[in-house]
Amino acid sequence: EPFSVFDMTVTERKSNLKSGFHVGFGMARYISRRMLFNFELIFGQNRYSFTDRMSFSRSDNVQTISEASYLERYNRVELPVSFTWDVITGKMNYFIRAGFAVASTIQVKGQASYRPEEDMTLNTSETVKMNDYRNKWLYGAIAGAGMRYKVPRGFILVDLRANIGLNNLVKEGTRYDNTLFSSKYYYLDDDFSLNTFMLTAGYYFSFYTPSKQR
């Protein structure tokens, strides 16, 4: 849900999801011939930006644009729990994934900018810690697909997944507390959830020792 200090009827709004990264480890166990239960611990960083552009007429009747923008870096620790189902088996295994993730906010930093008119200099703030304005816990649904290639004592994995945010990242009650951004840079937090796409490459080591059964 958008919020702005500008006149919303003449404001163009845009949001951009930028590149980030994640690293972590996981454990997996077959619970049936084709189904794996997966538990992971991931550290990740997401980056995204918001821009409001308001068109207006100056006193000399020249049409111009004011622009307020905001860039944020969000660091988190995430616990994804998911099930994967092998759809093709062999040396190269293809699978689909579904699950749930809980993320804990570690550090959030933001930087606001404001340009009064399109031919004027952009005024940019210092990077500000935003943890007080963000919720501690985030929840998401996971869907994805990938492949596992068998190698000695394990397999190499390539995984593409979507994480759909289920709750608001912003603390609604603190929206107007950041007076520096709202009064000097004309930025107000929108209510938003975070939807991401993650591409993972990794190696899984096998701990089991197969033995013949009678």
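A pocket is an open set of grid points, where a 1.4 Å probe fits, with protein on both sides within 12 Å along at least five of seven lines, and its lining residues have an atom within 4 Å of a point. The model searched here is a predicted one. Rolling a probe the size of a water molecule over the atoms shows where empty space is left.

Start with the second largest pocket, whose volume is about 260 Å³. Its lining consists of 18 residues, and those nearest the centre are S15, N16, S49, F50 and F192. Strands β1 and β2 each contribute at least two residues to this lining. Sorted by class, the lining of the second largest pocket holds six nonpolar, six polar and six charged residues.

The largest pocket comes next, with about 1,200 Å³ of space. It is lined by 38 residues, and A28, Y30, L36, F155 and Y204 lie nearest its centre. At least two lining residues come from each of β1 (11-30), β2, β4 (92-115), β7 (137-151), β8 (154-165) and β9 (196-205). Of these, β1 gives the most, with nine residues. By class, the lining of the largest pocket has 17 nonpolar residues, along with ten polar and eleven charged ones.

Is N46 buried or exposed? N46 counts as buried because its relative accessibility is 11%, and the cut-off for buried is under 20%. The side chain of N46 makes a polar contact with the side chain of R76, at 2.7 Å. Leaving aside neighbours within four places in sequence, the residues in contact with N46 are E72, R73, Y74, R76, L194 and T196.

Most residues other than glycine have a negative phi. R153, in the loop between β7 and β8, has a positive phi near 65°. R153 counts as partly exposed because its relative accessibility is 45%. Y186 lies in the loop between α1 (179-184) and β9, and its phi is also positive, near 55°. With a relative accessible area of 32%, Y186 is partly exposed.

Definitions and conventions:
Residues are numbered from 1 along each chain as its sequence is written. This is a predicted model: local features need pLDDT of at least 70, side-chain atom pairs count only at pLDDT 80 or more; totals for chains, interfaces and linings use all residues. Side-chain values use heavy atoms; hydrogens and water are left out. Buried means under 20% relative accessible area, exposed over 50%, partly exposed in between (1.4 Å probe, protein chains only). A polar contact is a pair of N or O atoms within 3.5 Å; within protein, one must be able to donate a hydrogen and the other to accept it, and residues adjacent in sequence count only if both atoms are side-chain atoms. Contact means heavy atoms within 4.5 Å. On a 1 Å grid over the protein atoms alone, a cavity is a set of points where a 1.4 Å probe fits but cannot get out, and a pocket is an open set with protein on both sides within 12 Å along at least five of seven lines; lining residues have an atom within 4 Å of a point. Grid points are joined across faces, edges and corners, and a volume is the space filled by probe spheres set on the points. Helices (H or I, at least four residues) and strands (E, at least two) are DSSP runs, numbered from the N terminus. Ala, Val, Leu, Ile, Met, Phe, Trp, Tyr, Cys and Pro count as nonpolar, Asp, Glu, Lys and Arg as charged, and the others, Gly among them, as polar.
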